[in-house]
Amino acid sequence: MKRFGFHDSPVLSSKPSFWRARLVLIVLGLALCALVAKALNVQILSNEFLLRQGEKRYERTLVLPAVRGKIFDRSGSVVLASSVPAKAIWAIPEDFHKATPEQVAELSRLLGVDARDIQQRTQDEDKNFVYLQRQVPLDVAQQIQKLKIPGVQQLDETRRFYPEGEVMAHVVGFTNIEDRGIEGIELAFNDQLSGQPGSRRVIKDRLGRVVEDVQAAIPAVDGQNLQLSIDAGIQFDTYTALKESIEQHQAKGGAAIVLDARTGEVLAMVNLPSYDPNDVSQRTGPALRNRVVTDTFEPGSIMKPFTASLALDEGRITPTTLFDTGNGRYRYQGALISDVGHFGTLNVGGIIQHSSNVGMTMISELLSSQDMWAKFSQLGFGRVPQANFPGMAAGRLRPWQRWRPIERATMAYGYGLSVSLIQVAHAYTAFARDGDMVSLSLLRRDGKPTSTQVYTPWVTHLMRTYLEAAAGPDGAKLAQVQGYRVAGKSGTARKIINGQYSRTKYRGSFVGFAPVSNPRIVVAVSIDEPMAGGYYGGRVAAPVFSDIVSSTLRRLGVRPDVPVDSLVAVADQGRHAR
């Protein structure tokens, strides 16, 4: 048998061609060049671009919050609202599921939320950030931190604190969870208080830690501080007097406002029931209503001085013009107009002092509907007050073309139109001044206020004497203040329930100013649905007016304008009457 050797194989014995070896070398060389070119592109030519792309994946913009401005009373020493440090509690759901039932239960107790709610928020493990609660007080946050619950973290933030609580609630208002104003001054001046947040561009690692700054930070601009016209002491006195009256008369609610007759500044504004703005759970329901500016009502007899002053200003009557009110019953346009007593023949001063509806009806017959409407409009009725405060109501004043004679008569003594308490107080500044209404402000004023002339000075000075008599011993004597001359008018109106005048529900009001010799303040009080101790404004609201005027004038350092002894007997009568 023939044996084959290595060189006998045609495959093994053949020599590789030269061109094939060269081809392999060329391919390997090109591949090496491509790798070198790619490396050169990545490491040198595209290095900056790729770095930017990488940075974008981990680059974040951090918001540098601005500190919200503080709110002070007019003295600048009493803080009404400020921002205090707080913590936001958040969790990583995937890690939080490692928490023990005991830890979850204690967290639930500290946060004041149901444990099931916490479990529901953290059930989605795909999320890496879930808020559990915002604006948590620092002491509570420290207790939570001590629990060392897996996945529970904290962030620095602030929350608003209102030291005066329910006394200032309707003035200051409150902010929401995002620190934006929702009610009161916090809402009205939100832009000034908020400031301008800053920003910081940074790169974070995968654990959320800041590695470096990308660019220079833009600093935050803190909000402005505000100094209100409100006097904290007068506000507290007004709150106390109003609260005592509501409790005494078992009333549904009440409101009071104090104005500086010289500057138009609001010195106090109180509403009851109230709420504590620090307690989120109380920020709901009727207690939120700022009755001074939002609630409108038929004013009743407190409108009579405006109608009488118009008739005097227009020359339709004089101080000596007499009106025969008879036995207090007057048939007019098919309706019966009634007085509470038999006053006989009265001049305009007697009509105001005895609050005669019959007399006012007779005066209205001498006026045109257009003139009355124009004057009421000039006084601000039927229009939103210009005081830069949220929720201001315009009230209701129908166009004069639609007034019937009987409606002109009822509007003359305060029925058929609706007003707010701040509108009435504002209009009464005309009587406390020389016939001009001063503009209102909730911020402290440094300059001279603007005003609008609505009556001639001689008419307002004359009406001032009539209103002093109306608040005197033969009028609403419970409005008197020991040592000071006061002037004002009570009003009592039936409430409209389901489109009908109620026979059991009333609103009693009193509006006036003091001291008469040189008026400094205007005070308006309204008691809603008093159920005990009477319902007439002179009975339920006048004593509150007296208490507020007494404490306010003393706080302002206003000297008494009558001897103290001359009012001792009247004061004693007032205490027995109360």
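Let's start with strand E9, residues 253-260: eight of its eight residues are buried, so the strand is largely enclosed by the rest of the structure. Keep in mind that this is a predicted model.

## The turn from E9 to E10

E9 and E10 form a hairpin with five residues between the strands. In this hairpin, glycine 264 takes a positive phi near 80°.

## The whole sheet

Strands of a sheet pair through backbone hydrogen bonds, either parallel or antiparallel. In what order do the strands of the open sheet lie? The order is E10-E9-E21-E20-E19, which makes an open sheet of five strands with antiparallel pairing. E10 and strand E19 (487-497) stand at the edges and have a single partner strand each, so one side of each is left without a neighbour in the sheet. From one strand to the next, the twist averages 10°.

A helix joins the picture too: H10, residues 232-249, packs on the sheet and touches E9, E10 and E21. The direction of H10 makes about 30° with that of E10.

## Two helices that cross

Two packed helices are described by the angle between their axes and the distance between the axes. For helix H17 (residues 421-432) and helix H18 (residues 457-470), the axes come within 8 Å and cross at roughly 105°. H17 and H18 are therefore roughly perpendicular to each other.

Which residues of H17 and H18 meet? From H17 come Tyr428, Ala430, Phe431 and Ala432, and from H18 come Thr460, Met463, Arg464 and Leu467. The residues of this contact divide into six nonpolar, one polar and one charged.

Most residues other than glycine have a negative phi, and most peptide bonds are trans. With that in mind, here are some spots to look up in the model.

The bond from leucine 272 to proline 273 is cis, with omega near 5°, and proline 273 sits in the loop between E10 and helix H11 (291-294). The bond from alanine 514 to proline 515 is cis too, with omega near -15°; proline 515 is found in the loop between strand E20 (500-514) and E21.

Lysine 148 is not a glycine, yet its phi is positive, at about 50°. You will find lysine 148 in the loop between helix H6 (138-147) and strand E5 (152-161). Is lysine 148 buried or exposed? Lysine 148 is exposed, with a relative accessible area of 70%. Asparagine 388, again not a glycine, has a positive phi of about 55° and lies in the loop between helix H15 (369-378) and helix H16 (405-412). With 48% relative accessibility, asparagine 388 counts as partly exposed.

Definitions and conventions: Residues are numbered from 1 along each chain as its sequence is written. This is a predicted model: local features need pLDDT of at least 70, side-chain atom pairs count only at pLDDT 80 or more; totals for chains, interfaces and linings use all residues. Side-chain values use heavy atoms; hydrogens and water are left out. Buried means under 20% relative accessible area, exposed over 50%, partly exposed in between (1.4 Å probe, protein chains only). Helices (H or I, at least four residues) and strands (E, at least two) are DSSP runs, numbered from the N terminus. Two strands pair if DSSP finds at least two bridges between them. Axes are lines fitted to C-alpha atoms, for helices over the stretch in contact, and angles run from 0 to 180 degrees between N-to-C directions. Angles under 35 degrees count as roughly parallel, over 145 as roughly antiparallel, 65 to 115 as roughly perpendicular and the rest as oblique. Contact means heavy atoms within 4.5 Å. Ala, Val, Leu, Ile, Met, Phe, Trp, Tyr, Cys and Pro count as nonpolar, Asp, Glu, Lys and Arg as charged, and the others, Gly among them, as polar.
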